[in-house]
Amino acid sequence: MTSAVPSAAPPAEPSAAPSRSGLKRPAALAFAGASALTVANIYFPQPLLDAVASGLNVSGSAASLIATAAQVGYALGIALVVPLADAARLRRLATTLLLLTTAGLLVAAAAPNLATLTVATLALSTTTVLPQILVPTAASLAGPGHSGRAVGVIGIGITLGSTLSRTLSGAVAGFSGDWRTAYLVAAALTGGLVFVLPRLLPASRGGRPVPYRELIGSLPRLVRAHPGLRFSALLGATVFAAFSAFWATLAFHLAGPPFGLGVAWAGLFGLFGLPAALLSYTAGRLSDRRGPRYVNTVALVCVSAAFLVLGVGGDSLTALVIGTNLLVYGTSSSQVANQVRVFRLDEQVRARLNTLFMLASFTGGAVGSLTGAALYARWGWTGMVLGCGGFLLPAAVALARGRHLG
């Protein structure tokens, strides 16, 4: 996911916030920081998988269940929790989610075996969906004409959090010599948000109370009603599946021949991809000027080029860095374009539309993580790369046929 960048419209600048709206710059930046810290909980375990396998005395493919559990848990949270952003008491919801996520991280840090770690990862990933609640909340606070900038700021926070979390966790585990330390650091950062973030949120979103059953029950109807949502969901799921397959296997690839590099190096690839992550904020502006479909096409070309580079030059660190940047830029830009399309559909149910789109994306991510690890275990790096090409083929077909969907 950077990783993927949820954004409803392009930011004028990476750090800019709306200046004449209900969401002031300090609050917008705080939302971005909170999004960065919480979304990091999904991605920081990925560079640790080889260390976890060694520490718990399990195989690499078994340890990869952690990455899959994180994606599945996040998808569950998006499906069951994020719709509450249309109706819930936001301060209470944010506080509860932060406390539950912190508790899950502490359990994971003390896990005596892989089963406990996997269950804890599933649980904490289900409750760490705060970024997807802050996105529609920021759009509502900013008001008409300013929501795009507000969501764009949060999008940059999500991008940086998902990108840099791998670097931080790899460095922490490398320097401390223990993968558990990374979980303790994440717990401290997440827990600290309890004292800051809820105060910046409105008590509720306002409007008429909507029963939880009605919120969840409306989701299938929204899928049927909006072809643009289905189109974006397909593109998001397939591209993010390929993205997740890469990150779920990179640590094992770097640990094996010809590299023989440790966990800290796997984390460094998050830092190596930072230029592309920052550059991806321009995708929103380009979506406004040329349309989301144009940006989706550019993004798919970048992601395809990334796996071509990764396949041909998989034994070269330089090629891996180039491929990582192409992949991060393409995936993040694709996410932005898809969100622009989805958020234009119906402002009144924005949180639920976000739920459906992100659910599709992270379900794709879970499938990608699991499939990528299985392909790598059986056929190595080349098998993983070819499998990612298979994920991208449906996206190319959809783009060719979906010209009328924008």
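Helices here are DSSP runs of H or I with at least four residues, numbered from the N terminus. Ser333 is found in one of them, helix 18. The model is predicted, so local features need pLDDT of at least 70 and side-chain atom pairs pLDDT 80 or more, while totals for chains, interfaces and linings use all residues. Residues are numbered from 1 along each chain as its sequence is written, and side-chain values use heavy atoms, without hydrogens or water.

Start at Ser333. Its relative accessibility is 1%, so Ser333 counts as buried (under 20% relative accessible area, 1.4 Å probe, protein chains only). Leaving aside residues up to four places away in sequence, Ser333 touches Ser280, Ala283, Val295 and Ala299; contact means heavy atoms within 4.5 Å.

Now take the helix as a whole. Two packed helices are described by the angle between their axes and the distance between the axes. The axes of helix 18 (residues 317-343) and helix 13 (residues 227-255) come within 10 Å and cross at roughly 155°. Helix 13 is therefore roughly antiparallel to helix 18 (an angle over 145 degrees). Axes are lines fitted to C-alpha atoms over the stretch in contact, with angles from 0 to 180 degrees between N-to-C directions. The crossing of helix 13 and helix 18 is left-handed: the near helix is turned anticlockwise from the far one by less than a right angle.

Helix 6 (residues 114-127) is another stop. Its 14 residues reach 20 Å from first C-alpha to last, close to the 20 Å expected at 1.5 Å a residue, counting one less than the number of residues. Its buried residues include Leu114, Leu117, Thr121 and Leu124. The buried residues of helix 6 pack against several helices, among them helix 1 (25-43), helix 5 (90-109) and helix 9 (180-192).

Note on methods. Helices (H or I, at least four residues) and strands (E, at least two) are DSSP runs, numbered from the N terminus. Angles under 35 degrees count as roughly parallel, over 145 as roughly antiparallel, 65 to 115 as roughly perpendicular and the rest as oblique. Buried means under 20% relative accessible area, exposed over 50%, partly exposed in between (1.4 Å probe, protein chains only).
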